[in-house]
Amino acid sequence: MPRAGLSPDAVVDAAVAVVDDGGPGALTLAAVAGRVGVATPSLYKHVRNLAELRHLVTSRVLEEIADRVAEAALGRSGDDAVRALMRAYRSYVVEHPARYGAMEQAAAPEGDAAAERLLGILYGALRGYELEGADLVHAARCLRSAVHGFAVLEAAGGFGLPADLEASYELLITVVTGGLSGPRRVA
């Protein structure tokens, strides 16, 4: 019988708190069990194993990012939508570097609702450039790579040069939107 008040969502809440406090490496079933005040075997009533818990944490992070970028891009199109999306995505990573670091970077399995929602938001922002099919996929990959790379480096303190970081990110946004607006030729 599951512990009263403990649910899969509560276990994920506790897992995210463990990650926030100790980083991605701190995420263990024992740490989560300690956080919620149960013995480790009690967690198996809510999650199958650590791999499933890591996937659930990934889904939570994707949902949080999707919420943030959806709100930022809502009512915008083209360059404005992409600029807002890129700023919102970056702010999430910088505000929650441990959560983002705990997120599985491998492609989510087909049918993963959180991943599909975020991808749908990215595609929606990119549709203002009249992209379809493979061109849309390429553009989404480039957009995600640009934001991910910059934000992860920033969160890790990877930019030590004295130039203004905001100006660098605005240049990145301009490069991305300029590339999306300009002529495209993907072989």
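Which residues does Leu53 touch, not counting residues up to four places away in sequence? The points below lead up to that.

1. The model is predicted. Its chain has 8 helices and 0 strands, so the pattern along the sequence is α-α-α-α-α-α-α-α by the DSSP runs used here.

2. Along its principal axes, the C-alpha trace spans about 60 × 40 × 30 Å. Of the contacts with a separation of 6 or more, 69% join residues 24 or more positions apart.

3. The UniProt record, an unreviewed entry, lists residues 5–65 as "domain: HTH tetR-type".

4. Buried residues make up 38% of the 187 residues in the chain. The chain exposes about 10000 Å², with carbon and sulfur atoms supplying 56% of that area. There are 18 positive and 23 negative side chains, and the centres of these two sets lie 3 Å apart.

5. The largest nonpolar core has 57 residues. Two or more of its residues come from each of these elements: helix H1 (8–22), helix H2 (29–36), helix H3 (50–73), helix H4 (78–95), helix H5 (97–102), helix H6 (113–126), helix H7 (133–155) and helix H8 (165–181). Val32, Leu43, Leu53, Ile65, Val82, Leu126 and Leu143 have the most contacts inside the core. In soluble globular proteins, nonpolar side chains tend to be buried together.

6. As for the opening question, Leu53 touches Val11, Val12, Ala15, Leu27, Leu29, Val32 and Val47, leaving aside residues up to four places away in sequence. Val32, one of these partners, is also listed with Leu53 among the core residues with the most contacts.

Note on methods
Residues numbered from 1 in each chain as written. Predicted model: local features only at pLDDT ≥ 70, side-chain atom pairs only at ≥ 80, totals over all residues. Heavy atoms only, no water. Helix = DSSP H or I, 4+ residues; strand = E, 2+ residues; numbered from the N terminus. Buried < 20%, exposed > 50% of the residue type's maximum accessible area, 1.4 Å probe, protein only. Contact = heavy atoms within 4.5 Å. Areas by Shrake-Rupley, 256 points an atom, 1.4 Å probe, with all protein chains shown as cover. Lys, Arg positive; Asp, Glu negative; His and termini not counted. Charge placed at Lys NZ, Arg CZ, Asp CG, Glu CD. UniProt positions renumbered as here; feature names shortened; annotations may be inferred. Core = buried A, V, L, I, M, F, W, Y, C linked by side-chain atoms within 4.5 Å.
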